[in-house]
Amino acid sequence: MTVPNTHARCVILGTGSALPERRVSNEELSQTVDTSDSWITERTGIKFRHIASPDETTSSLAIASARNALDAAGLQGSDIDLIVLATATPDHTFPATATKVQAALGMTRGAAFDVAAVCSGFLYALSVADSMMRTGMASKALVIGAETFSRILDWEDRGTCVLFGDGAGAVVLGLETPAADDPSPRGILATQLHSDGRHHDLLYVDGGPSTTGTVGKVRMKGREVFRHAVVNLAEVLDQTLALQGLTSADIDWLVPHQANARILDATARKLGLSRSKVVVTVDTHANTSAASVPLALDTAVRDGRIQRGQLLVLEAMGGGLTWGAAIVRY
Ligand code: ACO
């Protein structure tokens with residue numbers, strides 16, 4: 001437990017990611033699913049996705065991404081006192097997958113728990129960790145998005161199974177008190193979360209421990225999800241920027257949830273943001289749900305596009321419906 005410091009900000013100390021070994025192209029998929037490379041590419045921008053083997057699990061991907069992020073931050077598991085892990089595909093109904101990650105990293109103090117907000121999960125986890133840290137409940141956190149969505153896909157439903165992939169991404173957060181004369185201190189500047197449970201049936205899994213007693217499969221009304229995504233994302237981005245007195249002209253990089261290239265384009269257009277400022281990984285990762293934002297973030301940090309001091313805007317929308325955004329000076 002640390003004492004609350006109202007001036008402190010949560011800063012990203014390191015990022016990491018992990019993907020299953022097997023990469024599946026649209027051509028390979030079209031050998032078992034009634035689809036084609038041209039249909040998938042035109043409608044979604046997806047070319048490849050990584051699919052977990054039976055011995056690759058949400059926790060194993062989460063652990064690999066967390067180790068990667070800890071290395072980047074120059075820290076060890078024992079330095080961490082909070083893990084918030086976003087997933088819709090936990091290893092088990094309970095306990096939380098975060099506790100498996102905690103044990104694997106040799107972290108024996110603090111708290112570790114999962115949050116469920118599907119594709120918005122990482123934004124929810126980031127916001128929860130940021131709030132907890134700034135109120136003194138933790139000093140160093142791992143925020144992870146990890147999924148094995150391939151396990152809950154209906155491989156007979158071509159409208160959904162071509163869209164998703166598996167993977168994990170992580171960030172290490174620390175607390176920093178900016179110098180009084182620093183005009184643009186780094187850290188998480190603002191987060192916004194929303195949900196609207198009236199739209200449950202647009203995107204859901206048709207099973208669960210308390211209903212069918214089975215795991216279930218993903219069901220989606222794609223067109224309606226698309227429509228809500230473009231409207232909700234533009235709104236939450238405007239709102240979050242306005243909170244900080246910023247406009248889209250201030251953004252160095254938009255790091256969006258990677259659902260569909262057409263959603264990314266429409267969101268960038270609504271913001272008046274050039275596509276060259278949008279980090280796009282949907283072509284190689286497909287939609288990895290809660291893992292997609294931290295995977296995209298880590299990709300652009302490691303290839304040198306994202307530089308220290310730049311202004312990043314993260315956003316996502318997913319089942320619930322849930323959506324959210326965060327502004328971070330990296
Ligand atoms: N291959 C070939 N044909 C297909 C496939 C496929 N994989 N899937 C559907 N089709 C066919 C349909 O059967 C239909 O055929 P018909 O006209 O003969 O009936 C035709 O393509 C059109 O189907 P629609 O579902 O209307 O296609 P649409 O243009 O809406 O594209 C898509 C579907 C790509 C799912 C789109 O609606 C979309 O991107 N929605 C957003 C959903 C999304 O991204 N969800 C992710 C989770 S939520 C989030 O992360 C924001």
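## Burial of strand β12

In this predicted model, strand β12 spans residues 311-318, and because 8 of its 8 residues are buried, that is, under 20% relative accessible area, the strand is largely enclosed by the rest of the structure. Leu 311, Val 313, Glu 315 and Met 317 point one way from β12, while Leu 312, Leu 314, Ala 316 and Gly 318 point the other way, and all are buried. In a regular strand, side chains alternate between the two faces of the sheet.

## Pairing partners

Strand β11, residues 253-256, runs parallel to β12 and is joined to it by 4 bridges, with Val 255 having Leu 314 as its bridge partner in β12.

Strand β13, residues 322-329, pairs with β12 in the antiparallel sense over 8 bridges, and Thr 322 of β13 stands opposite Gly 318. The hairpin of β12 and β13 has 3 residues between the strands, and Gly 320 takes a positive phi near 145° there.

## The sheet and the helix on it

The 4 strands form an open sheet of mixed pairing, in the order β8-β13-β12-β11; its edge strands are β8 (187-195) and β11, each of which pairs on one side only. From one strand to the next the twist averages 15°.

Strands β8 and β13 run antiparallel and are joined by 8 bridges, and the bridge partner of Gly 187 in β13 is Arg 329. Helix α7, residues 222-243, packs on the sheet and touches β8, β11, β12 and β13, with its direction making about 145° with that of β12.

Technical notes. Residues numbered from 1 in each chain as written. Predicted model: local features only at pLDDT ≥ 70, side-chain atom pairs only at ≥ 80, totals over all residues. Heavy atoms only, no water. Buried < 20%, exposed > 50% of the residue type's maximum accessible area, 1.4 Å probe, protein only. Helix = DSSP H or I, 4+ residues; strand = E, 2+ residues; numbered from the N terminus. Pairing = 2+ DSSP bridges. Axes fitted to C-alpha atoms, helices over the stretch in contact; angles between N-to-C directions. Contact = heavy atoms within 4.5 Å.
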